[in-house]
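This report is written for a reader who is new to protein structures. Please look at the sequence and the model before reading on.

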Amino acid sequence: MSADTLTTWVLCWRIARRDGATIGLTGHDHDLWIDGLRYRAAPGLTPSAILRGDGLDPDLMDASGALTSEAIGERDLLAGRWDGASVAAIAVDWTGEAAPVALGQGEIGTVQLGEGGFTAELRGVGALLDRPVAEETSPDCRAALGDRRCRVAMAGRRRFARVDTWDGQGVLTLDRAEPVANAYGQGRLIWFGGANAGLESAIAWSEGNRLWLSAAPAFAVEGTPLIELVEGCDKRLETCLSRFANVANFRGEPFLPGIDLLTRYPGA
């Protein structure tokens, strides 16, 4: 085989999860070190054609591979640990004679599992242009509790607790009670221990020392794992006034007439 038919270029992926964990994967037959990060050999990881252009259409790419890497497993994919992870694809000359070439970047979108493998959709930064540029009016507040628009201080509204019991579905009993009625309703639960460590669960309702989760945890709750509770808000003007005294930053229109105004007629 002549030299001009050989190539020293390989594809590499840098994947950073939302919790900060970062891994590197390469289609080469042995590991590579690039910018201080070890790219582990994953020959079974193959990309689709990478479509890029100078227009405003989002860059899309698929990646598929076998579930053989210790870093990416079926349990973690199903649990959502990799949802929204940032991905950078680069072409690397493993001889070191040429600089790496950036091929695309974005975040992991839809993940589908098959027999012994997975397929992940990678959304490019151009996909951000598909988001609405203007908000729709609503009677409920559109801000998230504690964000830059809400401005409610969250320092005293995050608390640690331990799970005493779990009903096997979505109800937890804790070792401490809530500070006010339904304090954690529409809030978040962050797992610090057990099989769910690093994951988050949405809280639908809280009462005393019990929580009702919007969905069952990804994995079974064993023992008394440590959790962090973040207070929530039901987005109503009355709650913003009575509980947070934050009406000045309320981001809703509770008194704006709705579409039913157009259907009214005399005597209705």
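## Basis of the model

The model is predicted: local features need pLDDT of at least 70, side-chain atom pairs count only at pLDDT 80 or more, and totals for chains, interfaces and linings use all residues. Residues are numbered from 1 along each chain as its sequence is written, and side-chain values use heavy atoms, leaving out hydrogens and water.

## The largest nonpolar core

A nonpolar core is a set of buried Ala, Val, Leu, Ile, Met, Phe, Trp, Tyr and Cys residues joined through side-chain atoms within 4.5 Å. Buried means under 20% relative accessible area, exposed over 50%, and partly exposed in between (1.4 Å probe, protein chains only).

The largest core has 17 residues, and those touching the most other members are Leu172, Leu174, Leu189, Trp191, Leu211, Ile227 and Leu229. Two or more residues each come from strand 10 (158-166), strand 11 (171-174), strand 12 (188-191), strand 14 (210-213) and strand 15 (226-230). Strands (E, at least two residues) are DSSP runs, numbered from the N terminus.

## An aromatic pair

Rings of Phe, Tyr and Trp (its six-membered ring) pair if their centres lie within 6.5 Å; planes under 30 degrees apart count as stacked, over 60 as edge-to-face and the rest as tilted. The count is one aromatic pair. Phe160 and Phe192 are edge-to-face, at 5.4 Å centre to centre and 70 degrees between the planes. Phe160 lies in strand 10 and Phe192 in the loop between strand 12 and strand 13 (200-207), so the pair ties together parts 32 residues apart in sequence.

## Two loop residues

Asn182 lies in the loop between strand 11 and strand 12 and has a positive phi near 55 degrees. At 18% relative accessibility, Asn182 counts as buried. Gln186 is in the loop between strand 11 and strand 12, with a positive phi of about 65 degrees; at 54% relative accessibility, Gln186 counts as exposed.

Notes:
Helix = DSSP H or I, 4+ residues; strand = E, 2+ residues; numbered from the N terminus.
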